[in-house]
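Hello,

Here is the structure I promised to pass on. Please open it alongside this note, and then read on for what turned up.

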Amino acid sequence: MFMKQMKFFLATLAILISVSFTSCISNGDNNTKYTQLAIAKCTDYFPPTFVLASGQKLIVNDATLSDLSTGVFYAFYFQFDTAEQSPTASSINVTLYGGSTPTAISAKNEEQPAPLEDTDVQPANAPIHTLNGYASGLGQVNPAMYSDDYIIVPVVYWIKSETDETKMKEELAKHTFEMTYKKSEMKNGELVLTLNHIIDDGEVTEGKEVTRDKYTYTYKVYEIRNVINDFKIETGSAPTKVTIKAETNSNKNSLLEGATTQKASLDYPVSKN
């Protein structure tokens, strides 16, 4: 994905989770054509149907999308003509834009929020680049609530750049982002979740450590329904704030050496706002 798309991808996230359509990629003189990013949950695969945080449905006109899974979140660019459909309609027929295909962004099962004992050490073995703030070349990065049950986290992280496509896929597969929490930290209306960047390099020979000096980004959507239930059991009420924290280092990748803790706090529940 080229740099302009990357900047737009990140900058549009906070807008999309709160409203339907507030911006577009320029389409020249044809200003009725709107192109935008969707961070949406798949609710049907025939026809391919996705629901935005606003509740608006996007029905994609593409019969080739045969490998979708309902309940999974996807990211993709879409387009529609406002001269034919109202941007505020509850359901809109759209087309995929510029060869975009829906990319699954739901966190894997092993990445979903899991409780730790109070004495357990967080499993992270590497920092991420940025959790909440400005990332050079990408713009502003901020987690956001999709709903009371889901959090969208844009993760900027360090990688080893490979020119070979197969090797690049192998590098990306080494990175997981597990979310954990401790019940002892459930207090004062605040739910604290820790995002752990874990790199699996296997056995590394001393002196041949992997150098990761480039960064990229991904999106992860985490389901927090069970964590909210744990919070209610522990404290007697739902949280009023959800805080995500992670070890970050925007200067270099290392085994947490020199990393600092970065946090992002979100109001909860979303449904009251």
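Start with serine 100. Leaving aside neighbours within four places in sequence, serine 100 is in contact with Phe76 and Tyr77. Its side chain reaches the backbone nitrogen of tyrosine 77 at 2.9 Å. Serine 100 sits in the loop between strand E5 (91-96) and strand E6 (103-104). Its relative accessibility is 14%, so serine 100 counts as buried.

Please keep in mind that this is a predicted model.

The overall picture

The chain has 273 residues, and buried residues make up 42% of them. Its secondary structure comes to three helices and 16 strands. Take the contacts between residues at least 6 apart in sequence: 69% of these join residues at least 24 apart.

The cores

The largest nonpolar core has 27 residues. Those with the most contacts inside this core are Ile128, Ile151, Val153, Leu191, Leu193, Leu195 and Ile244. Five elements are listed as giving it two or more residues: strand E11 (150-159), strand E12 (175-182), strand E13 (190-199), helix H3 (225-235) and E15. E11 gives the most, with five residues. There is also a second, separate core of 17 residues. Val51, Phe73, Ala135 and Tyr219 are among its members.

Around leucine 191 and phenylalanine 231

Look at leucine 191 next. Setting aside neighbours within four places in sequence, leucine 191 is in contact with Met186, Val227, Ile228, Phe231, Pro239, Lys241, Val242 and Thr243.

Phenylalanine 231 is in helix H3. Its relative accessibility is 0%, so phenylalanine 231 counts as buried. Phenylalanine 231 and methionine 186 are 45 residues apart along the chain, yet 6.3 Å separates their C-alpha atoms.

Threonine 243

Threonine 243 lies in strand E15 (residues 241-248). Is threonine 243 buried or exposed? It is buried, because its relative accessibility is 2% and the cut-off for buried is under 20%. Its side chain makes a polar contact with the side chain of glutamate 190 at 2.6 Å. The side chain of threonine 243 makes another with the side chain of serine 265, at 2.9 Å. Not counting residues up to four places away in sequence, threonine 243 touches Glu190, Leu191, Val192, Leu193, Lys263, Ala264 and Ser265.

Alanine 40

Now go to strand E1, where alanine 40 is found. Alanine 40 is buried, with a relative accessible area of 0%. Its contacts, leaving aside neighbours within four places in sequence, are Phe50, Val51, Leu52, Val72, Phe73 and Tyr74. Val51 and Phe73 also belong to the second core.

Backbone points to check

Most residues other than glycine have a negative phi, and most peptide bonds are trans.

- Phenylalanine 46 and proline 47 are joined by a cis peptide bond, with omega about -5°. Proline 47 is in the loop between strand E1 (33-45) and strand E2 (48-51).
- Tyrosine 268 and proline 269 are also joined by a cis peptide bond, and omega is again about -5°. Proline 269 lies in the segment after strand E16 (260-267).
- Asparagine 188 is not a glycine, but has a positive phi of about 55°. Asparagine 188 is in the loop between E12 and E13. Its relative accessible area is 76%, so asparagine 188 is exposed.

The second largest pocket

How much space lies in the second largest pocket? About 270 Å³. Its lining has 12 residues, and the closest to the pocket centre are Asp201, Glu209, Val210, Arg212 and Leu255. By type, the lining divides into five nonpolar, four polar and three charged residues.

Best wishes

Key: Residues numbered from 1 in each chain as written. Predicted model: local features only at pLDDT ≥ 70, side-chain atom pairs only at ≥ 80, totals over all residues. Heavy atoms only, no water. 1 Å grid on protein atoms, 1.4 Å probe; cavity = no way out; pocket = protein on both sides within 12 Å on 5 of 7 lines; lining within 4 Å. Points joined across faces, edges and corners; volume = space filled by probe spheres on them. Nonpolar A, V, L, I, M, F, W, Y, C, P; charged D, E, K, R; others polar. Helix = DSSP H or I, 4+ residues; strand = E, 2+ residues; numbered from the N terminus. Buried < 20%, exposed > 50% of the residue type's maximum accessible area, 1.4 Å probe, protein only. Polar contact = N/O pair within 3.5 Å; in protein donor to acceptor, adjacent residues only side chain to side chain. Contact = heavy atoms within 4.5 Å. Core = buried A, V, L, I, M, F, W, Y, C linked by side-chain atoms within 4.5 Å.
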